[in-house]
Amino acid sequence: MLDDFMVRAALAGLGVAIAAAPLGCFVVWRRMAYIGDATAHAAILGVALALAFGVSIFAGVLLIALCVAVLLTTLSGRSLGSDALLGVIAHSGLALGLVSVSFLPNTRVDLMGYLVGDILAVSRVDLMVIWSGAALVLGFVLWRWQALLATTLSPDMAQAAGLTPKKEQLVLTVALAVTVAVAIKVVGALLIAALLIIPAAAARPISRTPESMALMATLTGACAALGGLTLSFAFDTPTGPTIVTVAAAIFTLTQSFSIISGRN
Amino acid sequence: MTPLIETKGLTLAYHGNVVLRDVNFALMPGEIVTIVGPNGSGKSSLMRSLIGALRPLTGKVTRQKGLKIGYVPQSLTIDGTLPLTVTRFLNLPYKRPAADVAAALRAAGVPTVADRQMIGLSGGQFQRVLLARALLDKPDVLILDEATQGLDQPGAASFYHQIEDVRRRTGCAVLMVSHDLHVVMAASDRVLCINGHVCCEGAPEIVASAPEYRALFGTGTQGALALYRHEHSHSHGPDCDHGHDEAAE
């Protein structure tokens, strides 16, 4: 069954969508969409480093994504606003990555593949990495769910209840980095943030509790992955962007629903 | 009787600036203590250090072993992107028995809001839900940080009556910070007036007439307690022709 590239692509898309959606809810609730975006852009530097040192792309991207996420988390709110920091770190990472790749000898690197993803070229090994990463992220988020929610609401209140907000923040940061690392093959650096944010945003108008929002976001993500794959096959469009387009269409639907029914 | 929370020579800094120095303070079981002080006087920093959210620069905060603190924050901004019912909110970060949740909402004076969305509550309801949340732990001490900031005067007064009611029923100590001097002080056993250091402390009547307090709050709040009593000595009906606010003109 795994011999079929479409099956592998579908499984890869599902894995990433399932990991990204609940995490994406936190990204939306905590207004840290920019961190996801910046981490993903800078991941291109990770690709370059991985190619230069001959380590796996996953390891390179994970390392850089972790560095960037930690850097952004610790630096934001100091002397520079987070938007300015994003501008500096994300785009420096992206630019540095693109420059570094051009120095690589004897390597014809298909950078487009890393910018917009190449889900149809997912191998069995990739699939294993994606599902391990996804399981790790999902496990982390589910395990710390209550603590993460409490910290998101109010760090002081979480502290008073005996939690350590800094630790929960770190859990999110690591989960974000792992998600970026496993998603880069599927949707590419430019669209990873979309897979985090759009399903969560689409789920918001039809949810009354955080749990239902995470669940609806996961369903949206899964539909987008499978629908996008099918449509891209039928119309011969780039797969990653098609997946994001389907997610955007679902977002439009639920928003219209909420406007028409007068909720929120 | 041993104090619930005690500070010795406590000095606090915020962003590298010393905001409060050399505070020696003890909160005894069952008492209501109010901390007053102008903006930037170090009130909130003191609160945060008492709950352990702010590390002292020097000095020491000692909490009684196993002390349970119920903290009602100044305000809580719930992001509109986060769907959250009152019941779900009260089950954070730990799951509670449904009966406890219902009892806490009753004690806080909002028995009917359990299924409402947090962002759909009025200011007064919201603060009472925060109070209910603090009560869930059956705290030894309730800490309220400017808990009535968004409320109008009758709303604030009614909120403090609720606090007195909670103290009467549970016997917990209450420590609060507030600007609403005339409302809050009447409900307190003891008032601590601070401005970078402890200016004066004692029973509300004593603090209200202390020169240090007058110097901080000027003559505007002279007779703060009298003002409080005055406001409850009569009430204006809806068609009263001598309103106190401009909207009535």
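Phe26(A) is buried, with a relative accessible area of 0%. The model discussed here is a predicted one, and every value below is computed from it.

**The aromatic cluster of chain A**

Over all chains, a search of the whole structure finds five aromatic pairs. Taken together, the ring pairs link Phe26(A), Trp29(A) and Trp145(A) into a cluster.

Helix α1 of chain A spans residues 5-29 and includes Phe5(A). Phe5(A) is partly exposed, with a relative accessible area of 36%, and together with Leu120(A) and Phe233(A) it makes a nonpolar surface patch of about 290 Å². Arg31(A) is found in the loop between α1 and α2 (33-53) of chain A, where its phi is near 55°, a positive value in a residue other than glycine. At 56% relative accessibility, Arg31(A) counts as exposed.

**Salt bridges**

Side chains of opposite charge can pair when their charged atoms come close.

| Salt bridge | N to O distance |
|---|---|
| Asp126(A) and Lys185(A) | 3.6 Å |
| Glu168(A) and Arg144(A) | 2.6 Å |
| Lys43(B) and Glu146(B) | 3.5 Å |

The side chains of Asp126(A) and Lys185(A) meet in a salt bridge. Asp126(A) lies in helix α6 (residues 124-143) of chain A and Lys185(A) in the loop between α9 (165-183) and α10 (192-203) of chain A, so the pair ties together parts that are 59 residues apart in sequence. Lys185(A) is partly exposed, with a relative accessible area of 26%.

Glu168(A) forms a salt bridge with Arg144(A). This pair links distant parts of the chain, with Glu168(A) in helix α9 of chain A and Arg144(A) in the loop between α6 and α7 of chain A, 24 residues apart. Both Glu168(A) and Arg144(A) are buried. Arg144(A) has an aromatic contact too, for it lies over the face of Trp143(A), at 4.9 Å from the ring centre.

In chain B, a salt bridge joins the side chains of Lys43(B) and Glu146(B). Lys43(B) lies in helix α1 (residues 43-51) of chain B and Glu146(B) in the loop between β6 (141-145) and α5 (153-170) of chain B, so parts that are 103 residues apart in sequence are tied together by the pair. Lys43(B) is buried, as is Glu146(B). Elsewhere, salt bridges that share partners join Glu31(B), Arg190(B) and Glu201(B) into one network. Glu146(B) has a further feature, namely a positive phi of about 50° although it is not a glycine, and its relative accessible area is 4%.

**Helix α3 of chain B and its surroundings**

Helix α3 of chain B (residues 98-107) has as its buried residues Val101(B), Ala104(B), Leu105(B) and Ala107(B). Seen down the axis of α3(B), these buried residues fall within an arc of 160°, so they line one face of the helix. An α-helix has 3.6 residues a turn, so residues three or four places apart point the same way. Ala98(B), Ala99(B) and Arg106(B) are exposed on the other side of α3(B).

Pro93(B) is placed in the loop between α2 (86-90) and α3 of chain B, and the peptide bond from Leu92(B) to Pro93(B) is cis, with omega near -5°. Also in chain B, the charged end of Arg133(B) sits over the ring of Phe89(B), 5.7 Å from its centre.

Notes. Residues are numbered from 1 along each chain as its sequence is written. Chains are lettered from A and ligands numbered from 1 in the order in which they are written. This is a predicted model: local features need pLDDT of at least 70, side-chain atom pairs count only at pLDDT 80 or more; totals for chains, interfaces and linings use all residues. Side-chain values use heavy atoms; hydrogens and water are left out. Patches are made of residues with over 30% relative accessible area and no salt bridge: like charges are joined within 9 Å, nonpolar side chains (Val, Leu, Ile, Met, Phe, Trp, Tyr) within 5 Å. Accessible areas come from the Shrake-Rupley method with a 1.4 Å probe; for residues, only the protein chains shown count as cover. A salt bridge is a side-chain nitrogen of Lys or Arg within 4 Å of a carboxyl oxygen of Asp or Glu. Helices (H or I, at least four residues) and strands (E, at least two) are DSSP runs, numbered from the N terminus. Buried means under 20% relative accessible area, exposed over 50%, partly exposed in between (1.4 Å probe, protein chains only). Rings of Phe, Tyr and Trp (its six-membered ring) pair if their centres lie within 6.5 Å; planes under 30 degrees apart count as stacked, over 60 as edge-to-face and the rest as tilted. A charge sits over a ring if NZ of Lys or CZ of Arg is within 6 Å of the ring centre and within 35 degrees of the ring normal. The arc is that of the directions from the helix axis to the C-beta atoms.
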